Amino acid sequence: MTLLPATFIPSEFFPLDAMGQTEVVYVEVDGKEYTAFHRVQVRAGYKEAARAFELSIAAELGASATNAIFHAGAEVAVYATRDLLMRGYVDQKLPHLGAREATIRVVGRSKSADLIDSDADHETGYFENKTPQEIGAELAKEYGSTFETDQLLKKVESHTITPGNSIFRGVEILARRQGMTLTGTPEGNIKITKPNGERHAGGLIEGVNILVINADHNWSNRHSRYSIKGQRAVGRGSRRLHLVARADDKAVKRRRHKVIVNEDDADIDGLKAKVGNRRNRSAGEALKATASVQGFPDEAGKIWTPGRLIWTESPFCDIAQDMLVEAVDMSQGPEGSITLLSLVDPRAFGGKGAGGGKGNKSGSEWGQGDDEATDETPADELE
């Protein structure tokens, strides 16, 4: 299991005065602190309900003693100075002994992994007038992890857990219907959330603090028109049985139409919201980037956190706008502390991108307009 994407930064890239480690990273395993590792990596993704870690261990106490400390199932917490990066358990331990080397890799995930891997086990599997967070908390009440939220969620009138679904999957279905994202927290819980405009201090600037940057300008999944078709569960006539909503992406000048079939019961307002979100998400996901920076915190000393905005400016990569931090990969090893930020246009998560964010100056191809989706339902003779 490799946590970091394949963006390797050789140590000779850094000037000598930039090689110092600014964070004191240590691992707490079964209540004891451990610092004798060759490399530690922690990954947090906005769309990932569990954080992940990987250690490359130096067996300073001897291989047998180190193997005993990091046994499979051991409870682990990773800190950067006083900031908790993740709390969870060891999933795998991989000792390796060669003619001239002996290494021990330790891989694991945060406590919320138990909610992802465990099937829902509820007396009835049926819930009435509860929010997705309340349903999740009830399903998780005997686990060491739970569901939390910072949003005002709508109550679900009635819901039955599908047999065989994991606890996470049962909650994810309901949360995503409300436009939410499920993300892992440092403490090991799953937060039901969506971007709220919270920002990181400073910016990512080419030639200033960006060590390495890569961009992906990809229009292959972008369309000029999105149409969605659906129906209500009860009633008659096209206002019930043949609902159609449409959203256009005016930046795409060629004829590229996408038709979506809605599988859930929905009224026309729900379909308009869904097709508008689909257009915006496709436009947002067309602009991605990865940027490596020195250290784990931003300019204000806050650990890089998925879901926050950061101004990103790289003339070479044709980016000059707010980007949303989609994932954070923090690594400390011989080259010091490095953070690899996976960035995406905020529209991918319901925010404003190059066409709407204040001061955004990315290329004109990233604007799509802010037109609302329209009702394209055919006239009904029965109404």
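**Aromatic pairs and an open sheet**

Tyr79 is buried, since its relative accessible area is 14% and the limit for that term is under 20%. This value, like the others here, comes from a predicted model. Tyr26 is also buried, with a relative accessible area of 16%.

In one of them, the ring centres of Tyr26 and Tyr79 are 5.1 Å apart and the planes meet at 10 degrees, so the pair is stacked. Tyr26 belongs to strand β1 (residues 25-29) and Tyr79 to strand β5 (residues 75-80), so the pair ties together parts that are 53 residues apart in sequence.

Another aromatic pair, Tyr46 and Phe349, is edge-to-face, with 5.2 Å from centre to centre and 75 degrees between the planes. Tyr46 sits in the loop between β3 (37-45) and β4 (52-57), while Phe349 sits in the loop between β21 (336-344) and β22 (374-375); the pair therefore links distant parts of the chain, 303 residues apart. Both Tyr46 and Phe349 are buried.

Strand β22 leads on to a sheet. Strands of a sheet pair through backbone hydrogen bonds, either parallel or antiparallel. Here four strands form an open sheet with mixed pairing, in the order β17-β15-β16-β22. The edges are β17 (257-261) and β22; each has a single partner strand, so one side of each lacks a neighbour in the sheet. The partners β15 (residues 225-230) and β17 run parallel and share five bridges. Ile228, for instance, has Ile260 in β17 as its bridge partner.

Helix α6 (residues 268-285) lies across β15, β16 (243-248), β17 and β22. The helix runs at about 30 degrees to β16.

Note on methods:
Residues numbered from 1 in each chain as written. Predicted model: local features only at pLDDT ≥ 70, side-chain atom pairs only at ≥ 80, totals over all residues. Heavy atoms only, no water. Phe/Tyr/Trp six-rings, centres within 6.5 Å; stacked < 30°, edge-to-face > 60°. Helix = DSSP H or I, 4+ residues; strand = E, 2+ residues; numbered from the N terminus. Buried < 20%, exposed > 50% of the residue type's maximum accessible area, 1.4 Å probe, protein only. Pairing = 2+ DSSP bridges. Contact = heavy atoms within 4.5 Å. Axes fitted to C-alpha atoms, helices over the stretch in contact; angles between N-to-C directions.
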